[in-house]
Amino acid sequence: QVQVVESGGGLVQAGGSLRLSCAASGSFFSISATGWYRQAPGKQRELVAHITTPGRTNYADSVKGRFTISRDNAKNTVYLQMNSLKPEDTAVYYCNVELFTRTLDEYNYWGQGTQVTVSS
């Protein structure tokens, strides 16, 4: 059983900052990568940022220079530092963890999501 839990969302004014956390726990062999996604009302879920366990990152163009993804492999936790937030960043943010089970099958798990609301 694997659990993925996000935290750190909330309400912030435009120009402000938030830091999201995504923690994976349970029984698995290793994590290969983690991604942050977001879904605004009426829109499709989109990739915001992605990081592999060795540390390779990529970002959506809309957040480059404002958001930073990082990881603490020892804690199986990934962070998303969001600066200079804009109202269009308002969405539910989801964490997706790509991992290998103890039988080396590859699965991915979603968290329950955390709401980020940016007021103008």
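Biologist: What makes the backbone nitrogen of Gly-9 and the side chain of Thr-114 a polar contact?

Modeller: The backbone nitrogen of Gly-9 lies 3.2 Å from a polar atom of the Thr-114 side chain. A polar contact is a pair of N or O atoms within 3.5 Å; within protein, one must be able to donate a hydrogen and the other to accept it, and residues adjacent in sequence count only if both atoms are side-chain atoms. This is a predicted model, in which local features need pLDDT of at least 70 and side-chain atom pairs count only at pLDDT 80 or more, while totals for chains, interfaces and linings use all residues. Residues are numbered from 1 along each chain as its sequence is written, and side-chain values use heavy atoms, with hydrogens and water left out.

Biologist: Why is Thr-114 called buried?

Modeller: Its relative accessible area is 11%, and buried means under 20%, exposed over 50% and partly exposed in between (1.4 Å probe, protein chains only); Thr-114 is therefore buried. Thr-114 is found in strand S11; strands (E, at least two residues) and helices (H or I, at least four) are DSSP runs, numbered from the N terminus.

Biologist: Which residues is Thr-114 in contact with, leaving aside its neighbours within four places in sequence?

Modeller: Contact means heavy atoms within 4.5 Å. The residues in contact with Thr-114 include Glu-6, Gly-9, Leu-20 and Tyr-93. Tyr-93 is in turn in contact with Trp-36, Val-48, Phe-67 and Leu-80, among others.

Biologist: How do you know that Cys-22 and Cys-95 form a disulfide?

Modeller: Their sulfur atoms are 1.9 Å apart, and a disulfide is a pair of cysteine sulfur atoms within 2.5 Å; the pair therefore meets the definition. The link is left-handed, with -70 degrees about the S-S bond. Cys-22 lies in strand S3 and Cys-95 in strand S9 (residues 91-100), so the pair ties together parts that are 73 residues apart in sequence. Both cysteines are buried.

Biologist: What makes strands S3 and S8 a pair?

Modeller: Two strands pair if DSSP finds at least two bridges between them. S3 (residues 18-26) and S8 (residues 77-82) have six bridges in the antiparallel sense, and they therefore count as paired. At one of these positions, Leu-18 has Met-82 in S8 as its bridge partner.

Biologist: Why are S1 and S7 said to stand at the edges?

Modeller: The open antiparallel sheet has the order S1-S3-S8-S7. Strand S1 (2-7) and strand S7 (67-72) each have a single partner strand, so one side of each is left without a neighbour in the sheet.
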